[in-house]
Amino acid sequence: MAGTLARFTNLTLAWSQPFIASQLRAIALTPTVQFRTSAVVCAEPLKKKKRIDPIVVKMREERRKRKLEKAIKRLQKNALQLKPIEELVPERKLVKEREARTRPLPPSSFEVGEERALLYKEWASYKYQQQLRELRAIDTVTMSRQKALDELRAESEELYQRAIQLDASLIPFCRTGPVRTPPIENFDSPDGEYIDTTKKWQ
């Protein structure tokens with residue numbers, strides 16, 4: 001009896017091993033498919049478009065167009081307008097009296113025009129030659145100074161360094177020039193609040 005039970009047990013184990021192996025091979029490693037919900041989308045029925053009279057639409061477009069043209073003209077008008085400077089703007093009285101103050105000059109003759117043209121040419125030639133002479137003199141002095149410094153440096157570096165130093169005592173200049181108003185004796189200068197009277201242009 002015991003032997004029969006042992007054989008039956010071995011037979012059962014031998015039969016169950018392939019079944020267990022097949023069950024292990026049937027296990028899926030991929031994730032399972034589950035139920036998912038989509039995002040909530042709130043919607044409403046489309047509103048019915050109001051029918052607008054084409055004449056009204058055309059009037060609105062024309063009004064907008066006129067407004068833009070007016071703004072462009074205003075910008076173009078102010079673009080050429082510069083900020084006025086009080087020192088350069090004459091008084092209104094002088095502007096009105098401009099014609100009365102203008103002195104009509106008699107027309108010059110042909111001989112006078114030719115003489116003035118020759119004088120201008122002579123003057124231009126004279127100034128050109130004067131400039132050339134000044135440039136040559138400056139070049140001569142500069143080259144002579146550089147040659148002397150090179151010779152001095154070849155003799156002694158210390159003397160060269162002392163020679164190129166600036167000497168502030170060569171031209172002592174001190175001046176207390178005239179002022180627009182004479183000084184006031186025992187004048188206490190105000191130091192505090194003040195009123196700004198500068199005119200602003202807008």
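## Nonpolar surface patch

Ile52, Val56 and Val57 make up a nonpolar patch on the surface, and together they have about 210 Å² of accessible area. A patch takes residues with over 30% relative accessible area and no salt bridge, joining nonpolar side chains (Val, Leu, Ile, Met, Phe, Trp, Tyr) within 5 Å and like charges within 9 Å. Accessible areas come from the Shrake-Rupley method with a 1.4 Å probe, and for residues only the protein chains shown count as cover.

Valine 56 belongs to helix α2, residues 54-79. Its relative accessibility is 33%, so valine 56 counts as partly exposed. The classes are buried (under 20% relative accessible area), exposed (over 50%) and partly exposed (in between), with a 1.4 Å probe and protein chains only.

## Model and confidence

This is a predicted model, in which local features need pLDDT of at least 70 and side-chain atom pairs count only at pLDDT 80 or more, while totals for chains, interfaces and linings use all residues. Residues are numbered from 1 along each chain as its sequence is written, and side-chain values use heavy atoms, with hydrogens and water left out.

The pLDDT is the predictor's confidence in each residue, from 0 to 100. Its mean over the chain is 79, and 78% of the residues reach 70 or more. Confidence is highest in α5, at a mean of 95, and lowest in helix α1 (residues 2-25), at 47.

## Overall architecture

The chain has 6 helices and 0 strands. These are DSSP runs numbered from the N terminus: helices are H or I with at least four residues, strands are E with at least two.

Of the 202 residues, 1% count as buried. The chain exposes about 22700 Å², of which carbon and sulfur atoms supply 59%.

## Salt bridges

The whole structure holds 3 salt bridges, each defined as a side-chain nitrogen of Lys or Arg within 4 Å of a carboxyl oxygen of Asp or Glu. One joins arginine 64 to glutamate 61, at 3.2 Å from N to O. Both residues lie in helix α2, 3 residues apart, about one turn of the helix. Arginine 64 is partly exposed at 46% relative accessibility, and glutamate 61 is partly exposed at 44%.

Arginine 101 bridges to glutamate 97, with the closest N and O atoms 3.1 Å apart. Arginine 101 is exposed, at 54% relative accessible area, whereas glutamate 97 is partly exposed at 26%. Glutamate 157 and arginine 153 also meet in a salt bridge, at 3.2 Å from N to O. Glutamate 157 has a relative accessible area of 37% and is therefore partly exposed; arginine 153, at 43%, counts as partly exposed.

## Aromatic pair

There is 1 aromatic pair in the structure. Tryptophan 123 and tyrosine 126 form this tilted pair, 5.8 Å centre to centre with 35° between the planes. Rings of Phe, Tyr and Trp (its six-membered ring) pair if their centres lie within 6.5 Å; planes under 30 degrees apart count as stacked, over 60 as edge-to-face and the rest as tilted.

Both residues sit in helix α5 (residues 110-155), 3 residues apart, about one turn of the helix. Tryptophan 123 is exposed, at 53% relative accessible area, and tyrosine 126 is partly exposed, at 44%.

## Lysine 200

Lysine 200 is in the segment after α6 (157-163). With a relative accessible area of 73%, lysine 200 is exposed. The C-alpha atoms of lysine 200 and lysine 83 are separated by 9.8 Å, although the two residues are 117 residues apart along the chain.
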